[in-house]
Amino acid sequence: VPLFGISFGLQAAILFLTALIETIFFVDDADVWAAVAGLIAVVLMLFMAPFVTAISTRYIADRYLGRDGGLGSAFKASIGIFIPLLFAIILGSIFMGIGMILLVIPGFYLMLRFSLIAPATVVERRGGMAALGRSGMLVKGAYGKLLLLYVIQWVAILFSALPAFLIFGEGMTTDMINAVISALVGSFFAVVWTVTYFERRCEHEGFDMQLLAQSFSDEQ
């Protein structure tokens, strides 16, 4: 429930800001301003999403390892890690974009290689290239599993968005329903990716969960 609240808050904020921008700048050529509003929403998402990711990841890590901690402590811890996480995500996106240009396959490879950037940054307080390198080390030997997780996530997102569109068509009702569904799907996969990160650490570093929990405490 807390994760859903965080994720839905992000979705609702983006919808509200997009609608507000379209209302303020509404002119005869509405399609142009709708595109502008969409671009602004993307920029806002670029800054808001990493912060939400940091809070969610820290909250999940605390719960998964049996540590006392709520949303307040997760929020506080995320303030200091937001910039390193944003930088790491931007770097990873640049490399993946270049990879997609280079015959697509390298882009998908880098997408898998960098799939654990967020937990590596939030839990271990790494940033930039260090987070990319750490993610690359942890995913070794698990590319097939990670690809399957991505496919399941993409299918879930795609098919969860279809019913509202087929019933209500385009409009605010569809957008709100999809925001709720996206928040549910996003919350679930935030747990999936964070747990996957801990599983990869256990496999690569030989930790059991008790030792990993102690290591996590030491890293803070």
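**Helix packing and aromatic pairs**

Gln-153 counts as buried, with a relative accessibility of 17%. The model is a predicted one. Gln-153 belongs to helix H7, which spans residues 143-168. Beyond its neighbours within four places in sequence, Gln-153 is in contact with Phe-189 and Trp-193.

The packing of helices H3 and H5 was examined next. Two packed helices are described by the angle between their axes and the distance between the axes. Helix H3 covers residues 71-101 and helix H5 covers residues 117-124. The two pack at an angle of about 155 degrees. Their axes are 10 Å apart. Because angles over 145 degrees count as roughly antiparallel, H3 is roughly antiparallel to H5. The crossing of H3 and H5 is right-handed. On the H3 side, the contact is made by Ile-81, Pro-84, Leu-85, Ala-88 and Gly-92. On the H5 side, Ile-117, Ala-118, Thr-121 and Val-122 take part. By class, the contact of H3 with H5 has 7 nonpolar and 2 polar residues. It has no charged residues.

Burial along H5 was then considered. Of the 8 residues of H5, 8 are buried, so the helix is largely enclosed by the rest of the structure. The buried residues of H5 are Ile-117, Ala-118, Pro-119, Ala-120, Thr-121, Val-122, Val-123 and Glu-124. Among them are Ile-117, Ala-118, Thr-121 and Val-122, which also make the contact with H3. Glu-124 is buried as well. Just after H5, Arg-125 takes a positive phi of about 55 degrees.

Phe-95 is partly exposed, with a relative accessible area of 31%. Phe-114 counts as buried, at 10% relative accessibility. Elsewhere, ring pairs link Phe-51, Phe-75 and Phe-82 into a cluster.

Notes. Residues numbered from 1 in each chain as written. Predicted model: local features only at pLDDT ≥ 70, side-chain atom pairs only at ≥ 80, totals over all residues. Heavy atoms only, no water. Helix = DSSP H or I, 4+ residues; strand = E, 2+ residues; numbered from the N terminus. Buried < 20%, exposed > 50% of the residue type's maximum accessible area, 1.4 Å probe, protein only. Contact = heavy atoms within 4.5 Å. Axes fitted to C-alpha atoms, helices over the stretch in contact; angles between N-to-C directions. Parallel < 35°, antiparallel > 145°, perpendicular 65-115°, else oblique. Left-handed = near helix turned anticlockwise from the far one by under 90°. Nonpolar A, V, L, I, M, F, W, Y, C, P; charged D, E, K, R; others polar. Phe/Tyr/Trp six-rings, centres within 6.5 Å; stacked < 30°, edge-to-face > 60°.
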